[in-house]
Amino acid sequence: MSGQGDSTVDNAQGGPDQQLPKVSARKLSVFYGDKQALFDVDLDIYANQVTALIGPSGCGKSTFLRCVNRMNDVIENCRTQGKVMLEGTDVEDPSIDPVQLRARVGMVFQRPNPFPKSIYDNVAYGPRIHGLAATKAELDEIVHVSLERAGLLDEVKDRMEEPGTGLSGGQQQRLCIARAIAVSPEVILMDEPCSALDPIATARIEELIDELRADYTIVIVTHSMQQAARVSQRTAFFHLGIVIEVDDTSRIFTNPQNQKTQDYITGRFG
Amino acid sequence: MEARRRKRHRAEVRFRAYGLAAVGFALLVLVLLLGTIVRDGAGAFWQYEVVLDIDFAPEVLGLGQDPAEAELGRGDFSRLVKEAVRKEFPEVKGRRDRRALRKLVSPGAVFELRDRLLADPALLGQTVSLRLPLDDQAQLFFKGFISAAVPEDARKLSDTQLGWLETLQERGQIVSGFNTRFLTGGDSREPELAGIWGAAVGSLLTLAVTLVLSFPIGVAAAVYLEEFSSRTRFTDFIEVNINNLAAVPSIVFGLLGLAVFLNFFGMPRSAPLVGGLVLSLMTLPTVIIASRSALAAVPPSIREAALGVGASPLQVVVHHVLPLALPGILTGTIIGMARALGETAPLLMIGMVAFIVDIPDGVTSPSTVLPVQIYLWADSPERAFVEKTSGAILVLLGFLVLMNLAAVLLRNRFESRW
């Protein structure tokens with residue numbers, strides 16, 4: 001699977017469902033006004049895997065992430081060129097409704113941002129607006145399953161009506177994950193989900209990510225190389241808006257092909 | 001080092017003293033202002049009445065021996081009052097003296113007796129002891145505004161009249177009590193009968209029209225400008241103009257109302273509908289500006305979270321942003337309403353300066369509003385209207401305090417933390 005263009009080195013061999021990547025970007029460029037943030041990015045994300053995006057600050061990782069669920073649409077002056085495809089269909093295709101797209105591609109943000117509603121309503125909001133439950137009993141079921149999957153049910157089952165903002169940081173982030181999986185997405189995008197959390201909460205979320213990959217495709221942006229090494233199966237290294245190298249996690253951290261990758265991993269910069 | 005520390009300390013003490021002095025001065029002015037109004041207006045809420053024995057004799061009323069109920073209203077009730085008053089002072093003879101005696105009772109007493117008989121026809125032929133309002137000059141005497149020390153031709157009550165009043169008081173026939181007429185009656189030429197209820201209803205109707213128009217339009221405009229439109233030169237132009245409109249003198253809106261609503265559209269003059277339209281034009285910029293601030297204060301993370309779960313832009317606004325912005329929007333709206341309540345100039349332009357005695361029964365019936373009523377009474381020559389003016393000011397201030405209290409309570413109720 002060699003990438004197109006000589007700026008990307010992609011050496012992955014393994015990975016299930018390799019024939020059809022779940023998400024793929026082809027010659028993706030993003031401009032904020034006159035400033036270009038991504039330069040002709042080609043990247044494949046495979047299903048039921050955790051793909052980590054690493055790189056120094058401002059290299060375009062979050063920008064790339066936000067292209068996948070078209071969150072960049074709400075930013076003024078943001079232009080994209082090239083394509084991002086979800087299972088072969090361009091996400092910018094007129095037949096795709098961005099609202100429906102975001103139900104298929106969920107997102108967890110850097111700072112936990114639960115709605116100022118009850119814990120139950122936080123998780124139930126997505127299923128409600130997408131009509132995923134016909135009765136209250138079905139909605140209850142979805143909420144319980146999501147909270148359980150996110151590893152939060154035991155801690156909150158007695159206080160579902162309390163505000164979501166009353167939880168601790170780690171619990172709030174797990175609530176946001178539960179909220180994201182309640183709409184049964186296919187892909188979950190995580191933008192530095194643990195950067196605002198303490199190490200114990202971080203460990204719990206990493207455990208959770210490992211459990212979730214059986215059912216979802218996960219893309220995680222992280223500043224921590226150790227986290228990328230622990231959690232992901234494939235890693236892409238971004239630098240100044242270009243994907244320098246993409247490879248299996250084990251190989252990219254032990255035997256990187258590109259000198260810049262080597263420098264970043266060994267801490268020479270970033 | 002030490003000298004610098006002492007100098008800084010002194011500067012801090014001085015600064016705090018300035019602050020306290022400023023607050024103290026403001027409080028002093030406030031107390032003076034309110035105190036003066038309360039002193040002048042408290043009397044408006046108190047009234048003096050005279051207890052008289054009224055004989056509802058059919059012969060005196062000029063009705064037949066057994067009149068039909070429909071006939072009762074046409075009786076000569078002023079004769080009842082005359083007879084009752086003469087019974088108190090049978091020694092008074094001569095037309096002029098008798099007229100002077102009769103004038104001690106308010107002309108409104110005649111209508112009150114009529115209303116009583118119509119309400120209870122069984123009173124016919126009976127003698128009942130009733131409380132009737134005194135004339136405004138007599139009430140002023142009991143409230144201490146007319147003094148016997150002033151020479152007789154400098155006051156409106158003669159020495160003989162004062163004597164009669166004092167005699168009635170000695171006999172225990174003068175009673176005082178809370179002036180409900182002030183709060184429930186409409187305007188009147190007679191100060192003792194004048195009430196603010198007509199103006200209050202007019203104000204309420206006008207404010208209702210203003211609220212119904214300015215709140216939805218203002219909030220919708222703010223939501224569009226803040227959430228949905230992109231920043232173009234056109235939207236910048238709109239924003240500048242909204243800010244300018246908020247500063248336009250209110251009388252200009254009155255002229256606009258006169259030219260467009262009354263002359264062009266032919267709407268009824270002096271109606272709360274037109275008043276409400278004019279005031280809503282005036283309040284709209286305030287509501288829009290306050291709503292935009294409230295919407296902008298909602299953190300973007302909430303919007304992103306909602307979008308991330310697959311909510312449409314409209315759902316994001318209606319389900320998440322508006323509920324969080326509601327306290328600010330409500331506060332801005334109520335402040336705008338409170339300003340509209342006190343506006344006089346634009347309403348004068350559309351004709352709400354008329355003398356309206358009936359309580360308005362709809363948005364198209366002619367009415368006046370509280371500030372205009374105050375203005376009209378302030379203009380009246382009768383001495384008794386002075387306290388009525390201040391009393392009406394107190395009622396208006398009371399409404400304003402209530403509205404601001406409502407703003408605070410509503411804001412606290414809808415405040416949610418994020």
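The contact between the two chains takes 22 residues from chain A and 18 residues from chain B. Two residues count as in contact if their C-beta atoms, placed from the backbone, lie within 7 Å. On the side of chain B that touches chain A, α13 (300-308) and α14 (313-341) of chain B each supply at least two residues. Helices (H or I, at least four residues) and strands (E, at least two) are DSSP runs, numbered from the N terminus. α13(B) gives the most to this side, with six residues. The side of chain B that touches chain A holds seven nonpolar, eight polar and three charged residues. Here Ala, Val, Leu, Ile, Met, Phe, Trp, Tyr, Cys and Pro count as nonpolar, Asp, Glu, Lys and Arg as charged, and the others, Gly among them, as polar.

The model is predicted; local features need pLDDT of at least 70, side-chain atom pairs count only at pLDDT 80 or more, and totals for chains, interfaces and linings use all residues. Residues are numbered from 1 along each chain as its sequence is written, and chains are lettered from A and ligands numbered from 1 in the order in which they are written.

Within chain A, strand β8 (residues 187-191) is mostly covered, with five of its five residues buried. Buried means that 20 or more other C-beta atoms, placed from the backbone, lie within 10 Å of the residue's own. A:Val187, A:Leu189 and A:Asp191 lie on one side of β8(A), and A:Ile188 and A:Met190 on the other.

β8(A) runs parallel to strand β7 (residues 105-108) of chain A, joined by four bridges. A:Met107 stands opposite A:Leu189. Strand β9 (residues 217-221) of chain A pairs with β8(A) in the parallel sense over five bridges. Pairing requires at least two DSSP bridges between the strands.

Terms used
Buried ≥ 20, exposed ≤ 12 C-beta atoms within 10 Å, placed from the backbone.
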